[in-house]
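Reader: Please take me through this assembly with care, giving the cut-offs behind each term as it comes up.

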Amino acid sequence: MTLYFLCLMLFCVGLYGVLRKRNLVKIIVGLGIMEYAMNLFFVLLGYRFDGRAPIVARDQNILNMVDPLPQALVLTSIVIGLAVTALIISIAIRIYEKYGTFDITKIKKLKG
Amino acid sequence: MELHILLIFMIFAAIVAIEVKDLLSSVIAVGAVGFALCLAFLILKAPDLAITQLVVEILCLIILIRATINKDLPLVIEGRWIFNTVSTLSFIAIFLLFAWLALKELPGFGEPIMAVVKKYLQEGVSKTGSVNIVTAVILDFRAYDTLGEATVLFTSVIGIMAILRRPGRKKRE
Amino acid sequence: MIDNPKTGMTLIVKTITRLTVGLILLFGIYIILHGHLSPGGGFAGGVIVALSFVHLMLAFGKDVAISKVSKNLASNLESIGALMFLSIALLGFLGGSFFLNILPKGTPFNLFSAGIIPLCNIAIGIKVGVGLFAIFLTLVIVEKSK
């Protein structure tokens with residue numbers, strides 16, 4: 001129970017970074033921390049005391065495994081997180097070339 | 001017990017990553033959070049996820065350092081700073097209070113219900129022939145989701161190539 | 001590989017890279033192929049293959065890496081990987097429905113077992129590996145041509 005609560009506190013640290021920081025790279029760092037917290041929360045839901053890793057061995061009981069379904073979903077989520085981070089970093093590089101700064105209060109002009 | 005220590009370390013490293021002024025230091029702190037997450041996956045008996053998280057974290061660090069090297073920004077505190085910080089922190093406190101009340105409804109840590117997975121575990125090896133149950137789930141029972149993920153990766157590669165292109169034009173004489 | 005002292009890193013890094021790049025590539029291929037027997041699979045193995053090419057580029061400079069895998073080759077290989085995955089899925093129509101596992105299952109714990117799953121792992125490994133290296137190539141070429 002306290003493990004779930006600590007995981008949500010990590011999510012809130014990332015949320016604070018997205019809401020309150022003015023530097024664009026700090027916002028991207030906060031987004032990454034939120035992704036890590038949610039992946040960890042999913043895997044925490046499927047743990048079982050005295051469970052085994054979900055790989056069948058010849059001489060072991062098969063119904064003693066941890067839950068493999070959240071692990072399959074989180075595997076997809078980790079790779080998609082990498083793709084989104086790479087795309088948003090390339091947009092940030094382009095913004096720096098055009099405006100000369102990473103400060104979000106100075107890039108409000110919508111030019112053509 | 002080890003999980004509690006790892007999670008408290010991750011929270012401290014995340015606070016350091018958000019608050020420090022130097023951009024390179026904050027990227028390195030995010031790398032520390034990612035590596036601690038890989039250790040947490042190993043403790044929770046998920047070896048597939050630990051391998052994937054480790055190598056994806058290394059690649060993410062390389063891309064982040066490429067974007068932030070030699071680019072720094074001085075910190076400026078402008079007006080209405082106290083009101084913004086207090087309102088954000090109170091919103092986060094209300095969110096955590098309701099989360100505490102809602103988390104009591106979940107089954108306790110370590111005793112999952114596992115109503116859907118019993119069928120996958122009992123018939124997994126005989127229906128697919130693969131010994132790794134996680135691979136059998138993502139490539140045989142739920143292969144449609146893997147097709148969607150391949151599409152998302154493809155879209156992101158096309159998007160990066162379109163954003164960072166140097167358009168060359170041939171001058172017509 | 002050429003040892004031009006003006007590009008890339010120092011001599012120690014170049015010597016170690018010559019020894020380890022082939023080993024990292026081989027390890028990535030091993031994790032892709034044994035995806036149905038031990039932890040790993042297509043995604044982790046593909047990222048390891050991409051990391052071996054990135055290692056080559058970081059140590060030797062941009063020109064040596066582009067002479068091994070150029071930008072057109074990376075783009076074509078990634079499309080071929082995605083099309084291979086889709087055609088394996090469409091082959092399931094021969095058995096009755098989309099994505100059906102139609103090849104023989106074999107005995108467990110062998111390398112040639114589990115029907116479609118090793119072929120799908122190879123297709124996804126090629127796609128993810130070459131695609132992530134193409135992302136890195138695009139980021140590096142932007143910096144040098146400014």
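Reader: Which pattern does chain B follow along the sequence?
Author: This is a predicted model, in which local features need pLDDT of at least 70 and side-chain atom pairs count only at pLDDT 80 or more, while totals for chains, interfaces and linings use all residues. Residues are numbered from 1 along each chain as its sequence is written, and chains are lettered from A and ligands numbered from 1 in the order in which they are written. Chain B holds seven helices and zero strands, where helices (H or I, at least four residues) and strands (E, at least two) are DSSP runs numbered from the N terminus. Read along the sequence, the pattern of chain B is α-α-α-α-α-α-α.

Reader: How far apart do the C-alpha centres of the two domains of chain B lie?
Author: The division, with bounds from an automatic or database domain assignment, gives domain 1 (1-73) and domain 2 (107-166). Between the C-alpha centres of these domains of chain B the distance is 24 Å.

Reader: Which helix of chain B gives the most to the side that touches chain A?
Author: Two residues are in contact if their C-beta atoms, placed from the backbone, lie within 7 Å, and 68 residues of chain B are in contact with 70 residues of chain A. By class, the chain B side has 48 nonpolar, 14 polar and six charged residues; Ala, Val, Leu, Ile, Met, Phe, Trp, Tyr, Cys and Pro count as nonpolar, Asp, Glu, Lys and Arg as charged, and the others, Gly among them, as polar. The helix that gives the most, with twelve residues, is H3(B).

Reader: Are H2(A) and H2(B) roughly parallel or roughly antiparallel?
Author: The residues making the contact include Val29(A), Ile33(A) and Tyr36(A) of H2(A) and Val30(B), Val33(B) and Leu37(B) of H2(B). The axes, which are lines fitted to C-alpha atoms over the stretch in contact, with angles from 0 to 180 degrees between N-to-C directions, are 11 Å apart and at an angle of about 5°. Angles under 35 degrees count as roughly parallel, over 145 as roughly antiparallel, 65 to 115 as roughly perpendicular and the rest as oblique. H2(A) and H2(B) are therefore roughly parallel.

Reader: Which helix gives the largest share of the side of chain C that touches chain B?
Author: Here 39 residues of chain C are in contact with 31 residues of chain B. Helix H2 (42-60), helix H4 (71-90) and helix H5 (117-144) of chain C are the elements that give two or more residues to the chain C side. The largest share, twelve residues, comes from H5(C).

Reader: Is Gly100(A) buried or exposed?
Author: Gly100(A) lies in the segment after helix H3 (68-99) of chain A. A residue is buried if 20 or more other C-beta atoms, placed from the backbone, lie within 10 Å of its own, exposed if 12 or fewer, and partly exposed in between. Because Gly100(A) has 11 other C-beta atoms within 10 Å, Gly100(A) is exposed.
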